[in-house]
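Hi,

Here is the structure I promised to pass on. Have a look at it first, and then read on for what turned up.

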Amino acid sequence: MEQSINLNELTFNDKDRYVIITNAYPHEKQLYRNGFIHRRVKAYLAEGLKVDVFVLHPAYKKAEKYSYEDVPVYRGTEQHLRMFLNHKVHKKALIHFVNSKMVQAIKETSTDLPIITWIHGFETEAWHRRWFNFLESPESLRKILEMADDYYVAQLSFMNWFYQTNELDTTFVHISKWFKEHIAECDARAESKNSVIIPNVIDDNLFTFIEKPVDMRTKVLSIRPYASRKYANDLSVKAVLELSKRPYFNKLEFAFYGDGKLFDQTVEPIRNFANVTIHKGFISQEQIAALHKEYGIFLCPTRLDSQGVSMCEAMSSGLVPISTDITAIPEFVKHDVSGLLTKPESPIEIADAIERLYYNSDVFLRVSIQASQSIRDKCAVDVVIKRELEIIQG
């Protein structure tokens, strides 16, 4: 439970600490807020680092503190962050989902504090990158055009400066080469002068590989958010409708898990199929890992991804991913080697990929093994955390 605190009266046992600054973090009432950052923090703690988390958000009018799985978490406004940083006990600031207020607080209190900034997505994208979210109505389009002149212009102007400035000691961590070159730097119109590419970590100790029996090629799993059209869940539904016209359809099983404003309307066309189960609601990482053991194919088309973390988790468990040959996905899935990639906006190709695995058990078994091995080589805890610690402690 969170408690109000006086930041000026904080005491720290030592100065050998690191602070993670972000826009959201898991809480007992909000389990899904940037959980991938929490997984990093737990790994850092396991390696002996002392880590504090500060959540900067205008909704937190009072400075508060709580603990989440032994991680101390503070939250408040920009003013509270300045007070927090004034204690001068942190060796580096590690930022996720950066904005100008985070950096301004550092400039005003600790200009010599080294910064490592992870670039994930929307914080460095032009508004039109998510065009697919604004087609529902004239009102939604008008709203985003208003934001384009307000938030997006200001944020990208800030990123242009931040990528290039010599006022701060900053290292940028990009999740994928494609996103760095084609989105992050392109939209901000600046090269990130000191940068590396390290993918998001996948907990291979949780998402363990167990060789799949051939009959699992008929069991198809989808676990996705339904808050944005970027996840292309509508294409998965259309692929099921296409498969329903094919003679082997009743030998397939589908499970759709997820939640969000688009959930009900998206899955409505397939609710009445006897071989389709629909589960509305979010589920824990442990529940996801358990589901991975029951299915053989992971359905994850997309319209925009800097990595595709849920896809990579499924690959670690040995599911064969069916995704889209677009954006950063080919950096993590090699077609016909570690997964099957389809053309954008093509539910028929998605259906064809499922059909191919149905009729070719050897392909299913081969790709399942290679999917797990390839993603572990790239994203396993030991691999990613080692690279991140080299930068953090360097």
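The chain has 12 helices and 15 strands, where helices (H or I, at least four residues) and strands (E, at least two) are DSSP runs numbered from the N terminus. Its radius of gyration is 22 Å, close to the 21 Å that the globule rule gives for 394 residues, so the chain is as compact as a globular protein of that length. That radius is taken over C-alpha atoms, and the rule is 2.2 Å times the number of residues to the power 0.38.

Before you go further: this is a predicted model, in which local features need pLDDT of at least 70, side-chain atom pairs count only at pLDDT 80 or more, and totals for chains, interfaces and linings use all residues. Residues are numbered from 1 along each chain as its sequence is written, and side-chain values use heavy atoms, with hydrogens and water left out.

Now the overall picture. Along its principal axes the C-alpha trace spans about 70 × 50 × 40 Å. Of the 394 residues, 56% count as buried; buried means under 20% relative accessible area, exposed over 50%, and partly exposed in between (1.4 Å probe, protein chains only). The accessible surface comes to about 17,400 Å², and 49% of that belongs to carbon and sulfur atoms. These areas come from the Shrake-Rupley method with a 1.4 Å probe, and for residues only the protein chains shown count as cover. Take the contacts between residues at least 6 apart in sequence: 69% of them join residues at least 24 apart, with contact meaning heavy atoms within 4.5 Å.

There is also a record to know about. UniProt, in an unreviewed entry, lists residues 217-361 as "domain: Glycosyl transferase family". Positions from UniProt are in the numbering used here, feature names are shortened, and annotations may be inferred rather than shown by experiment. In the model, the end C-alpha atoms of residues 217-361 lie 7 Å apart, and the span is 32% helix and 21% strand.

Most residues other than glycine have a negative phi. E69, though not a glycine, has a positive phi of about 50°; E69 sits in the loop between strand 4 (64-68) and strand 5 (71-76). F97 also has a positive phi, near 60°, and is found in the loop between strand 6 (90-96) and helix 3 (100-109). Buried or exposed? F97 is buried, with a relative accessible area of 11%, whereas E69 is partly exposed at 45%.

Finally, two helix residues. M315, in helix 9 (residues 309-316), is buried with a relative accessible area of 0%. Not counting residues up to four places away in sequence, M315 touches P321, F332, V333, S338, A371, S372, S374 and I375. M315 and S222 are 93 residues apart in sequence and 13 Å apart in space, C-alpha to C-alpha. Q104 lies in helix 3 and is partly exposed, with a relative accessible area of 30%. Q104 and P199 are 95 residues apart in sequence and 27 Å apart in space, again C-alpha to C-alpha.

Cheers
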